[in-house]
Amino acid sequence: MADALVDTCVRRFGHIDILVNCAGTAEPAGSSILDITTEQFNELIEAHLGTAFQMCRAAAPRMVQRGAGAIVNTSSFAFLGDYGGTGYPAGKGAVNGLTAAIAAELKEHGVRANVVCPGAKTRLSTGPDYEAHIAELNRRGLLDEVSMQGALDAAPPEYVAPTYAYLVSDLAKDVTGQIFIAAGGFIGKFDRQTPAIVAYRDHHDSPPWSIDEISAQVG
C-alpha cells in the first residue's frame, strides 16, 4: 500500500517532495499493562509505528534520488506516559526514535525529518469515554489540573496545521531531527535527550561499581 501511494504521487506530480504521516488509533477503554493482550498491543504498535515506517521506507529513496525532501511524522506527548496506556505511548515514542534515526541518516542527502506532537480536538479526543479517561488520569495523579483542562478543551486542528506547513517549507530548511509540540496557541519543542553523568570512574584502573556505591550516587 505504501509503495502504491508513493508511485501514484510520482506518476501524477513527477516526484515527491513532502511526506506527512498522521495516523493513529485509540487504546481499548481502560487499557493497562495489567490486562492488554499481545494482539491488542501489536495492533497499536502497527497503527502508530508500522504505518509511519512503511511510508518513510517507500518515500525516502525517492527523496534521496532528488537530493531533497521533508518528512513530518505525527507523535504525541502521550509518549511521556502521563496519559497511561501501553501500545499508544510505546508506538508514539518509537515514532520519535525512528524519526531521529531517519533525520541522522538522510541529512547528507538533503532530506529532513521532524516530529509534531499535536494537541487538537479530534474524534480520538472527544466524547464521554475520552472525558472519563482524562478525569480518571487526573484522579490517579497522572495528569495535573492544567493538563487535564488542556486535554478537555483542545483547540481545533487548524491551530496545529501551520506547524506542519512550516516544517515542510523552505523556512525550515535547516531544521531536522526535532520534536515539536503544537497545541492551540502553544508551540513548543522537546530538548534532545542527553545523558546526565551520575558517577564516573575509569574502567582501566577501577573495579565495577558496587550496588551500594550506585545507590549512594543515584540516591
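The chain contains an open sheet of 5 strands in the order 1-2-3-4-5, with mixed pairing; two strands are taken to pair if DSSP finds at least two bridges between them. Strands (E, at least two residues) and helices (H or I, at least four) are DSSP runs, numbered from the N terminus. The model is a predicted one, in which local features need pLDDT of at least 70 and side-chain atom pairs count only at pLDDT 80 or more, whereas totals for chains, interfaces and linings use all residues. Residues are numbered from 1 along each chain as its sequence is written, and side-chain values use heavy atoms, with hydrogens and water left out.

At the edges of the sheet are strand 1 (18-21) and strand 5 (186-190), each of which pairs on one side only. From one strand to the next the twist averages 20°. Strand 1 and strand 2 (residues 69-74) run parallel and are joined by 4 bridges. Within this pair, Asn21 has Asn73 as its bridge partner in strand 2, and Ile18 stands opposite Ala70. In a regular strand the side chains alternate between the two faces of the sheet. In strand 1, Leu19 and Asn21 lie on a covered face, while Ile18 and Val20 lie on an uncovered one.

Overall, the chain has 7 helices and 5 strands, which follow one another from the N terminus as α-β-α-β-α-β-α-α-α-β-β-α. Its C-alpha atoms fill a box of roughly 65 × 55 × 35 Å along the principal axes. Of the 219 residues, 35% are buried, where buried means under 20% relative accessible area, exposed over 50% and partly exposed in between (1.4 Å probe, protein chains only). Contact is defined as heavy atoms within 4.5 Å. Among contacts between residues at least 6 apart in sequence, 71% join residues at least 24 apart.

Helix 2 lies across strand 1, strand 2 and strand 3, and runs at about 175° to strand 1. Helix 3 lies across strand 2, strand 3 and strand 4 (179-183), at about 160° to strand 3. For these angles, axes are lines fitted to C-alpha atoms, for helices over the stretch in contact, and the angles run from 0 to 180 degrees between N-to-C directions.

The largest nonpolar core has 18 residues, and those with the most contacts inside it are Val6, Leu19, Met63, Ile71 and Ile102. A nonpolar core is a set of buried Ala, Val, Leu, Ile, Met, Phe, Trp, Tyr and Cys residues joined through side-chain atoms within 4.5 Å. Two or more residues of this core come from each of helix 1 (2-13), helix 2 (38-66), helix 3 (87-106) and strand 3 (111-119). Helix 2 gives the largest share, 6 residues. Apart from neighbours within four places in sequence, Ile71 is in contact with Leu19, Cys56, Met63, Ile102, Val111, Arg112, Ala113 and Asn114. A second, separate core of 10 residues includes Val72, Val160, Ala172 and Phe180.

Helix 4 (residues 128-139) has 12 residues, which at 1.5 Å a residue should span 16 Å; its end C-alpha atoms are 16 Å apart, in agreement with this value. The expected span is 1.5 Å times one less than the number of residues. Tyr130, Ile134, Leu137 and Asn138 are the buried residues of helix 4. They are on the same side of helix 4, because they cover an arc of only 105° around the axis; the arc is that of the directions from the helix axis to the C-beta atoms. These buried residues pack against helix 5 (145-152), whereas the face turned away from the buried side carries the exposed residues Pro128, Asp129 and Arg139. Just after helix 4, Gly141 takes a positive phi of about 85°.

In helix 6 (residues 161-168), the buried residues are Thr163, Tyr164 and Leu167. Their arc around the axis is only 100°, which puts them on the same side of helix 6. The elements covering them include strand 1, strand 2, strand 3, strand 4 and strand 5.

Ala78 is placed in the loop between strand 2 and helix 3. Ala78 is buried, with a relative accessible area of 5%. Leaving aside neighbours within four places in sequence, Ala78 is in contact with Tyr83, Tyr88 and Pro89. Ala78 and Cys117 are 39 residues apart in sequence, with their C-alpha atoms 8.7 Å apart in space.
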